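This briefing is meant for someone meeting the structure for the first time. Please look over the sequence and the model before reading the notes that follow.

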Amino acid sequence: VEVKGTRNQQPTSRGIDESFFKMATTTVQIQTKVHHPIYPRTQTTPISPFVSKMKQQFLSLDIPLPAMPLMGTGHSLWDQPKAIESYPASDSDEPEITTWFLDTREIWPGENILTAPGAAEALSLVSLAEQKIITTKMFVADARMSLGSALLKRAFITQVLGIAWKDVKLARKGNEKHGKPCAVDEYGRPIEGIDFNVSHQNGLVALVGWDGRRRQRYSPNGHIMGVLSPGATPEDVMVGVDIVCVNERESAMSTIEQEGFDGWVDIYDAVFSDEERWTMKYDVDYVTLLDGTHLPAKDVGRNDRVLRRNQSLTCVTQTGHEHIFSSDLLLDAKLRRFYTYFCYKEAYIKLAGEALLAPWLKQLEFFNVRSPKPGVVARCSTHGTWGEEVDDVEVKLHGRVVDDVKMKIQAFEEDFMISCAIQGNIDGLKIPAFKKLNLQQDVLSCANDTLDRKDSFMDMQAEIIKAPECPEQLLSPWESRYW
């Protein structure tokens with residue numbers, strides 16, 4: 001190809017005329033010796049310095065992304081004969097559900113997570129980006145929960161996939177900021193056969209996870225291989241969990257004082273359907289009196305229509321006993337019922353990670369809802385105990401019964417409720433009772449190989465002060481790709 005060109009520029013002028021806005025033009029004459037069509041090359045938008053820097057960083061990562069040839073060719077990583085199973089030997093190869101919770105109120109005491117006893121060791125087990133998020137929390141209680149959540153996710157992935165703690169990598173499905181966390185391989189591809197979800201509130205951290213007992217594919221260097229375009233299969237299970245604390249009544253009671261309980265419930269008209277809000281306002285499961293007596297709904301009678309505070313209510317039980325109590329106790333029972341609905345709904349919509357952004361939120365309805373009776377709060381000589389467990393809720397979406405989901409909700413101490421949801425191929429799966437984990441024995445022990453590194457017990461405060469501001473300074477190539 002021979003290229004000859006002449007450049008003709010328009011004369012400039014100080015006046016505001018049409019020629020001032022004309023771009024310089026270039027006339028190019030192209031002569032070709034072959035009879036192929038020549039298409040003009042369009043001018044591209046200049047790349048910003050930041051994007052250019054990120055592009056150069058990505059190109060320098062030295063990550064040999066494997067080709068994806070057709071199955072059965074004999075030349076792809078899928079056909080390697082050295083594939084091994086992804087999980088250690090177990091008595092059962094049946095899928096199972098894991099339910100853990102960690103009480104961070106008992107660990108890392110103090111007013112600063114950086115100086116709390118044992119916190120430096122725990123912080124060294126998470127990524128630098130997570131360390132920065134944790135240590136910049138305004139309240140130390142939030143920092144404890146955020147650190148506990150990060151540790152539980154890694155402990156679960158390590159246990160299910162049988163990999164070293166340092167090899168655990170995380171990303172988010174869909175939305176990179178709000179998507180559901182997932183385990184990924186060394187190239188950032190989601191790993192199949194595992195799903196988990198975490199929730200934390202007022203010091204408690206809960207995790208529910210699904211181990212599908214899948215036989216994973218391995219690359220020649222021994223790393224688990226994910227999938228480029230993951231999609232739900234009939235064997236997949238999604239899990240969701242949510243914790244609520246019903247003692248956060250101050251803001252609710254100030255609104256109820258002015259607008260009544262119905263005004264409080266109607267604040268959430270974008271979240272709950274008309275039928276759900278009606279039953280929140282005018283139905284009650286039971287009322288707990290000051291002496292601990294539980295009055296069932298049938299004994300409360302039409303007192304359940306009361307929506308205001310500071311009213312004296314009287315009811316006579318079927319055995320003839322008369323009880324006089326304040327309407328504040330009735331509204332406490334209704335608030336507990338409201339949080340039961342909220343806990344159910346959050347756990348369900350976290351199955352896919354959409355949370356309160358789900359467009360079908362109001363069409364998701366729950367029926368046969370009962371708030372679980374509370375347990376006993378931890379005191380000087382006792383640990384907090386579990387309360388009632390309820391697992392017979394009915395779920396409808398767009399008016400149709402959702403029959404491939406199991407849900408349960410359980411009370412913990414006097415003020416907490418934890419709801420779990422599993423959906424998909426759930427035949428034979430049960431949601432077990434929550435297991436309270438010991439930080440040292442159940443969590444940190446999973447990271448022994450990481451704890452042996454020379455830099456494990458680093459000066460955390462000095463390192464966190466130097467936390468990166470730019471994506472290209474993150475710990476690993478994987479994190480740089482998925483900032």
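Asp-304 is placed in the loop between helix H7 (297-300) and strand S13 (312-316), where helices (H or I, at least four residues) and strands (E, at least two) are DSSP runs numbered from the N terminus. This is a predicted model, in which local features need pLDDT of at least 70 and side-chain atom pairs count only at pLDDT 80 or more, while totals for chains, interfaces and linings use all residues. Residues are numbered from 1 along each chain as its sequence is written, and side-chain values use heavy atoms, with hydrogens and water left out.

- Apart from neighbours within four places in sequence, Asp-304 is in contact (heavy atoms within 4.5 Å) with Lys-281, Tyr-282, Val-284, Leu-330 and Lys-334.

**Aromatic pairs**

- Rings of Phe, Tyr and Trp (its six-membered ring) pair if their centres lie within 6.5 Å, with planes under 30 degrees apart counted as stacked, over 60 as edge-to-face and the rest as tilted; by this rule the count comes to 19 aromatic pairs.
- One of them joins Phe-272 and Phe-338 edge-to-face, at 5.8 Å centre to centre and with 65° between the planes.
- Because Phe-272 lies in the loop between helix H5 (250-266) and helix H6 (274-282) and Phe-338 in helix H8 (residues 327-349), this pair ties together parts that are 66 residues apart in sequence.
- Phe-272 is buried at 0% relative accessibility, and Phe-338 is buried with a relative accessible area of 1%.
- The pair of Trp-386 and Phe-412 is tilted, because the ring centres are 4.7 Å apart and the planes stand at 55°.
- Trp-386 in strand S16 (residues 386-390) and Phe-412 in strand S19 (residues 405-412) are 26 residues apart, so that pair links distant parts of the chain.
- Trp-386 is partly exposed, with a relative accessible area of 28%, whereas Phe-412 counts as buried at 3% relative accessibility.
- Trp-264, Tyr-268, Phe-272, Phe-338, Tyr-339, Tyr-341 and Phe-342 form one aromatic cluster.

**Cysteines**

- A search of the whole structure finds zero disulfides, a disulfide being a pair of cysteine sulfur atoms within 2.5 Å.
- Cys-343 is in no disulfide, and the nearest cysteine sulfur, that of Cys-420, is 8.6 Å away.
- Cys-343 counts as buried at 0% relative accessibility, and Cys-315 counts as buried at 3%.

Definitions and conventions
Buried means under 20% relative accessible area, exposed over 50%, partly exposed in between (1.4 Å probe, protein chains only).
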